[in-house]
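This note collects a few points for the colleague who will work with the coordinates. Please read it beside the structure shown here.

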Amino acid sequence: MKLLCIEDNTELIESLRYFLEADSKIESTSSGKQGVAMATKKQYDAIILDIGLPDLSGLDVCKLLRQADIQIPILILSAVRDSGTKVALFEAGADDYLTKPFTVSELRARLFALLRRSNFDTDKQNIYLLKVGNLTLDLLSGRVERSGKLL
Ligand code: CA
């Protein structure tokens, strides 16, 4: 998986690289603004986002990403356990929240769980549906619908 890690703790990024390199490619930045710019330019599978960044808060970054119509899963990393902070982040479009300190194996498991769901919602569900105008052809079942009505 291709991950974008928006985090200013370089040691943490290095350990993520070390433990996830077998199945992931990680690009990182310590700047929230740059992270949003990277996510709009390139295709990633998921974003790992720290709450405390030098320029923007993780909450602002999360809002900006969703406003830019970036739909991929966002997993928040934070030392903050406060439930109000978590609720605000989920409302801003975060998909998961992991409290520091955490184990890389838990982070990895959570990322894969998020990806399973997002892949299911996007790729796999639509891959067999062919749409032309108001006609929809389901390549698996052979059903054809016009404006939602079965022909
Ligand atoms: Ca930080």
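1. The model is a predicted one.

2. Aspartate 8 is partly exposed, with 35% relative accessibility, whereas aspartate 50 is buried, at a relative accessible area of 6%.

3. How many disulfides does a search of the whole structure find? The search returns zero disulfides. Cysteine 5 takes part in none, and the nearest cysteine sulfur, which belongs to cysteine 62, is 14 Å away. Because a disulfide requires the two sulfur atoms to be within 2.5 Å, cysteine 62 is likewise in no disulfide, its nearest cysteine sulfur being that of cysteine 5 at 14 Å. Cysteine 5 is buried, with 0% relative accessible area, and cysteine 62 is buried with a relative accessible area of 0%.

4. On the surface, a nonpolar patch is formed by Val132, Leu135 and Leu151, whose accessible area together is about 290 Å². One of these residues, leucine 151, is placed in the segment after β9 (149–150). Leucine 151 counts as exposed, its relative accessibility being 62%.

Technical notes: Residues are numbered from 1 along each chain as its sequence is written. This is a predicted model: local features need pLDDT of at least 70, side-chain atom pairs count only at pLDDT 80 or more; totals for chains, interfaces and linings use all residues. Side-chain values use heavy atoms; hydrogens and water are left out. Buried means under 20% relative accessible area, exposed over 50%, partly exposed in between (1.4 Å probe, protein chains only). Patches are made of residues with over 30% relative accessible area and no salt bridge: like charges are joined within 9 Å, nonpolar side chains (Val, Leu, Ile, Met, Phe, Trp, Tyr) within 5 Å. Accessible areas come from the Shrake-Rupley method with a 1.4 Å probe; for residues, only the protein chains shown count as cover. A salt bridge is a side-chain nitrogen of Lys or Arg within 4 Å of a carboxyl oxygen of Asp or Glu. Helices (H or I, at least four residues) and strands (E, at least two) are DSSP runs, numbered from the N terminus.
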